[in-house]
Amino acid sequence: MARLIRDLATPAAAPLNYREVGATARDVLPGGYHHLHHMVRVGRGRDAFECAGAAVTTWRMHRASGARVRSRSERAEPGAFVEVSIGAGPVRFAAPCEVIWTAYEKDRIGFAYGTRAGHPERGEESFVVDLHPDGTVWFTVTAFSRPAAWYTRLGGRLVPVLQHAYARRLGRTLRGVVAGQATG
């Protein structure tokens with residue numbers, strides 16, 4: 001079971017810019033948001049699972065996809081600050097987040113981060129690797145979000161399209177990391 005560290009009634013929740021903290025750990029995502037669910041097979045077997053899980057929770061997958069990651073934490077742990085930025089040259093969008101929950105289980109590894117003040121969106125996104133009973137390894141991105149900045153509001157329907165494209169990119173990147181581990 002995912003480890004959730006926030007209670008919505010605590011003042012510590014103030015830096016997050018949305019109310020439904022931890023919702024990506026549940027089966028039903030909250031209403032009033034754009035929902036994203038992307039699942040892709042990234043490998044087969046315990047070694048592939050462990051490689052993928054490590055790549056996801058140590059920010060390697062994000063970095064390998066071309067994103068910049070800034071965090072004092074070497075791996076995803078509840079409460080850890082992480083800033084992911086994408087773009088090129090001076091046109092870069094920074095996304096400050098906080099790790100909300102983690103899963104370091106026998107057949108499931110991953111985490112979710114929630115958006116903090118200054119993020120262009122409001123919501124939460126999880127990145128989970130599962131080892132299925134048939135030996136296949138699956139990577140799933142689950143998110144709910146809505147605009148928090150003028151430019152994401154202006155982007156309208158294009159923003160969810162870009163978010164889904166980024167989720168697909170992460171899946172391809174993770175598949176490449178796992179394949180490289182198997183051949184290297």
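Modeller: A salt bridge is a side-chain nitrogen of Lys or Arg within 4 Å of a carboxyl oxygen of Asp or Glu. The model is predicted: local features need pLDDT of at least 70 and side-chain atom pairs pLDDT 80 or more, while totals for chains, interfaces and linings use all residues. Residues are numbered from 1 along each chain as its sequence is written, and side-chain values use heavy atoms, without hydrogens and water.

Colleague: How many salt bridges does the count come to by this rule?

Modeller: One of the pairs is Glu77 with Arg75, with N to O at 2.9 Å. Another pair is Glu83 with Arg70. By the rule, the count of salt bridges comes to five.

Colleague: Which residue is linked with Arg46 and Asp107 in a network of salt bridges?

Modeller: The residue sits in the loop between strand 5 (91-104) and strand 6 (108-115). It touches Arg46 and Phe49, not counting residues up to four places away in sequence (contact means heavy atoms within 4.5 Å). Its C-alpha atom is separated by 12 Å from that of Pro133, 27 residues apart along the chain. The residue in the network with Arg46 and Asp107 is Lys106.

Colleague: Is Lys106 buried or exposed?

Modeller: Buried means under 20% relative accessible area, exposed over 50% and partly exposed in between (1.4 Å probe, protein chains only). Because its relative accessible area is 63%, Lys106 is exposed.

Colleague: How far apart are the closest N and O atoms of Glu83 and Arg70?

Modeller: Glu83 lies in strand 4 and Arg70 in strand 3 (residues 68-70), so the pair ties together parts 13 residues apart in sequence. The closest N and O atoms of Glu83 and Arg70 are apart by 3.5 Å.

Colleague: What relative accessibility does Arg75 have?

Modeller: Arg75 meets Glu77 in a salt bridge, and Glu77 is partly exposed at 24%. Arg75 also counts as partly exposed, because its relative accessibility is 38%.

Conventions: Helix = DSSP H or I, 4+ residues; strand = E, 2+ residues; numbered from the N terminus.
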